[in-house]
Number of protein chains: 2
Amino acid sequence: MRDAEQTREKILDVSADEIHKHGFTATSLSVILKRCEISKGALYHHFANKMELGYAVFEERYTPLFLSTWLPAVNNEDPIEGLCAFFSEMSVNMSCDELICGCPLNNLCQEMAGVDEGFRLRILDMQLQLNQLISDSLRKIKNQLRNDIDYSQVSYFIVSTFHGSTSLSKSSRNKELFEHVMDELCKYLRNLKHN
Amino acid sequence: MRDAEQTREKILDVSADEIHKHGFTATSLSVILKRCEISKGALYHHFANKMELGYAVFEERYTPLFLSTWLPAVNNEDPIEGLCAFFSEMSVNMSCDELICGCPLNNLCQEMAGVDEGFRLRILDMQLQLNQLISDSLRKIKNQLRNDIDYSQVSYFIVSTFHGSTSLSKSSRNKELFEHVMDELCKYLRNLKHN
DNA sequence: ATACTAACAGACCAACCGGTCGGTTGTAAA
DNA sequence: TTTACAACCGACCGGTTGGTCTGTTAGTAT
């Protein structure tokens, strides 16, 4: 027995990458096996089936990644500027390939939410969590913001725009349109403050 | 020879519906054949392969549908109110199932833009067309709008938000979150006018 | 009536999919 | 040293996929 835990981790790493790049359904187990240099028996020793592997990838890879990506922005003492910096940073630092690949959570949502209830509920939970994070952070600077704001609604709006911009990136294959949308999103965010 | 054109149209209708509901890759030719009550020979008489069938569906079904959906909103004498009415109407009139199914163009973009160049270019063209439509319509009421507006950027922002909201619908399986995002989008739109 | 061809029918195919299962191997406990 | 079992191997399976190919039929032009 080599290191079982290490095998499992490697499967999760490779699977997370493959699913991110090609989607869950299009991800082939045989490709995962080749990249991991393991056999089918090994994979099915660690995971009951492909679906369970997908759930594990979601919970043990995508969820932590997602939270660690958004948390710094939201925890900024000025969440508006935190979010703006986050969006701007993405425009600058993200490679074109990464951008086109899109957000793993959003991709999975588009592909699997309507097909599999297990994925749907996990994704929904993540979206609700993110909404809570953003709306709570905005409420903290309530006194700086306009008084006609529906915090939950604004948070959903922000995330929708962010995720929607990936469509533009995927079809245009460049950062330009994404940058424009992020720029406009920052304008919108700053406009939440009363002038 | 029964009516060949009618056969072709039926194939396109059924395929458009199947692709909309299950995505291009997950759409099975055998299902299309069953629903159309035709043989494989018939289908391959009219289309060279699955990809060409997909392109035909895009061009002859999705594109006209897409344009006829957005045009009335944009052609309103006040495009801002036209778009707001369009978004509100969608919240009210669309069934939950339709909503969850999402926009055919956006679905196809998420699934195929990164995989097939033929789809990507067709989708991109459609997105550029829509952007032109919206930004032109806004420019027409330039004198009513704030003077710091980047029209193309604003148009991309609007469409991104709209498409992004489908993620919320798909995971939550209800209209509520979609309605919130559309409501906030209308707020944003009306805020483009100088107070 | 005959010939020609568009329009279809459906058996067949290789490739691939996720999943199963009997067998092997390495390691740690007894 | 023996035992026990987790960890892993890989041949195999049924099912499905998109696609091909041979053959039939229906309509139309001559």
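The points below start with the overall model and end with the DNA strand.

1. This is a predicted model, and the remarks here should be read as remarks on a prediction. Chain A has 10 helices and zero strands. Along the sequence its pattern is α-α-α-α-α-α-α-α-α-α. Taken along the principal axes, the C-alpha atoms of chain A fill a box of roughly 65 × 30 × 30 Å.

2. Chain A superposes on chain B by a rotation of 180° with 0.0 Å of shift along the axis, and the RMSD is 0.0 Å. The two copies are thus related as by a two-fold rotation axis. The same surface serves both copies, since 100% of the contact residues of chain A recur in chain B.

3. Between the chains, helix α10 of chain A (residues 176-190) packs on helix α9 of chain B (residues 151-172). The angle is about 85° and the axes are 9 Å apart. Angles of 65 to 115 degrees count as roughly perpendicular, and α10(A) and α9(B) are therefore roughly perpendicular to each other. From α10(A) the contact takes in A:Leu177, A:His180, A:Val181, A:Asp183, A:Glu184, A:Leu185, A:Lys187 and A:Tyr188, which meet B:Gln153, B:Val154, B:Tyr156, B:Phe157 and B:Ser160 of α9(B). By class, the residues of this contact are seven nonpolar, three polar and three charged.

4. Within chain B, helix α10 (residues 176-190) also packs against helix α5 (residues 79-93), at an angle of about 175° and with the axes 10 Å apart. Angles over 145 degrees count as roughly antiparallel, and α5(B) and α10(B) are therefore roughly antiparallel to each other. On the α5(B) side the contact includes B:Ile80, B:Leu83, B:Cys84, B:Phe87 and B:Met90. Among the residues they face in α10(B) are B:Phe178, B:Met182, B:Leu185, B:Cys186 and B:Leu189. The residues of the contact of α5(B) with α10(B) divide into 10 nonpolar, two polar and three charged.

5. Which helices supply at least two residues each of the surface near DNA strand D? They are α1 (4-22) and α3 (40-46) of chain A, together with α2 (29-36) and α3 (40-46) of chain B. Helix α3(A) gives the most, with five residues. The surface near DNA strand D has seven nonpolar, nine polar and three charged residues.

6. There are 19 residues around DNA strand D, and those that come nearest are A:Thr7, A:Ser39, A:His46, B:Tyr44 and B:Lys50. Of the atoms of DNA strand D within 4 Å of the protein, 63% belong to sugar and phosphate.

7. In chain B, a polar backbone atom of B:Thr27 lies 3.0 Å from a phosphate oxygen of DNA strand D.

Technical notes. Residues are numbered from 1 along each chain as its sequence is written. Chains are lettered from A and ligands numbered from 1 in the order in which they are written. This is a predicted model: local features need pLDDT of at least 70, side-chain atom pairs count only at pLDDT 80 or more; totals for chains, interfaces and linings use all residues. Side-chain values use heavy atoms; hydrogens and water are left out. Axes are lines fitted to C-alpha atoms, for helices over the stretch in contact, and angles run from 0 to 180 degrees between N-to-C directions. Helices (H or I, at least four residues) and strands (E, at least two) are DSSP runs, numbered from the N terminus. Angles under 35 degrees count as roughly parallel, over 145 as roughly antiparallel, 65 to 115 as roughly perpendicular and the rest as oblique. Contact means heavy atoms within 4.5 Å. Ala, Val, Leu, Ile, Met, Phe, Trp, Tyr, Cys and Pro count as nonpolar, Asp, Glu, Lys and Arg as charged, and the others, Gly among them, as polar. A residue is near a molecule or strand if one of its heavy atoms lies within 4 Å of it. A polar contact is a pair of N or O atoms within 3.5 Å; within protein, one must be able to donate a hydrogen and the other to accept it, and residues adjacent in sequence count only if both atoms are side-chain atoms. Copies are superposed by least squares on the C-alpha atoms of residues with pLDDT of at least 70 in both.
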